[in-house]
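Here are my notes on this entry. They cover side-chain contacts and a cross-link.

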Amino acid sequence: MLRKRSRLIAAPIAAAALTLTAAGYQAGAAESPASGGAERSGKAAAAPCLAGATTLIGDLDGDGRPDKISNPGHTGTKMTVQWGTASGSFGTKHAVSKLVGARSGEVTTAAVADFQKDGKLDLVVNIVKPSGVDDPATARVSQYRPGPLKRANLASAAARKLDIGTQGEAKQIRVANYGGDAYPDLAVLNNAGDGVWERSIRVTKPRTGPGKYDYDLQQQYGETGTPAEPPTMPTTGWKHFYKPCS
């Protein structure tokens with residue numbers, strides 16, 4: 001009975017903590033200078049922050065309200081978004097795969113970060129239908145989408161194609177830190193074919209976002225493995241660029 005009562009008490013406390021996190025974010029936004037074009041509601045966006053190892057709080061759609069991006073397991077395959085509300089709480093949980101229009105049998109992998117360091121959260125998304133055999137399939141969608149993003153489908157006015165979708169079959173996309181600079185990079189768990197899985201690297205360039213495949217960088221930071229023993233993947237990418245929410 002005591003254990004059940006503890007669980008009943010813990011649930012509202014956790015909900016209250018998330019509301020306080022959102023409120024704290026909004027308070028920071030009110031004190032921050034205006035940033036870019038992300039002010040459709042008349043409020044400036046505060047810097048994104050972490051509400052846990054796999055939860056990023058930040059303005060994804062540019063309305064000045066904090067949104068909640070969850071990335072269970074850091075893999076980018078089960079990412080969800082909860083849009084911020086006027087009351088300071090978060091709305092219904094939406095799967096990124098559904099928002100971007102993934103079809104039956106397709107796998108969506110995604111990563112969210114401020115890749116250009118312009119104060120706006122961006123999205124990297126890859127949609128592919130696995131080949132089911134050793135040869136990798138080509139992605140139907142592989143894009144970098146600079147923020148702000150549309151709520152309905154996470155579209156961006158400045159989206160551009162990435163070569164992630166043509167260099168193998170992406171299984172995961174993770175935020176990483178290569179080179180120790182201020183720009184988030186990408187690590188892609190890739191089916192390269194012929195029984196090889198690789199950690200494929202995309203280093204971000206200032207003002208442009210994630211770059212193309214680079215042989216020298218791949219030799220420096222990449223790794224190969226197999227489906228049975230895949231290469232190691234980063235699990236602390238967000239922590240390199242964002243502080244815990246106060």
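Which residues form a disulfide, and how far apart are their sulfur atoms?

1. C49 and C245 form the disulfide, with sulfur atoms 1.9 Å apart. Bear in mind that the model is predicted. The structure holds one disulfide. A disulfide is a covalent bond between the sulfur atoms of two cysteines.

2. The torsion about the S-S bond of C49 and C245 is about 90°, so this disulfide is right-handed. The bond links distant parts of the chain. C49 sits in strand β1 (residues 49-50).

3. Next, the aromatic contacts. There are two aromatic pairs in the structure. In one, the ring centres of F115 and Y144 are 6.0 Å apart. Their planes meet at 90°, over the cut-off of 60, so the pair is edge-to-face.

4. F115 lies in the loop between β6 (107-113) and β7 (122-128), while Y144 is in strand β8 (residues 141-145), so the pair ties together parts 29 residues apart in sequence. F115 and Y144 are both buried.

5. Y178 and Y221 also form an aromatic pair. The centre-to-centre distance is 4.9 Å, the angle between the planes is 35°, and the pair is tilted.

6. Where do these two tyrosines, Y178 and Y221, lie in the chain? Y178 is in the loop between β10 (169-176) and β11 (185-193). Y221 belongs to helix α3 (residues 215-221). The pair links distant parts of the chain, 43 residues apart. Y178 is buried, and so is Y221.

Note on methods: Residues numbered from 1 in each chain as written. Predicted model: local features only at pLDDT ≥ 70, side-chain atom pairs only at ≥ 80, totals over all residues. Heavy atoms only, no water. Phe/Tyr/Trp six-rings, centres within 6.5 Å; stacked < 30°, edge-to-face > 60°. Helix = DSSP H or I, 4+ residues; strand = E, 2+ residues; numbered from the N terminus. Buried < 20%, exposed > 50% of the residue type's maximum accessible area, 1.4 Å probe, protein only. Disulfide = S-S within 2.5 Å.
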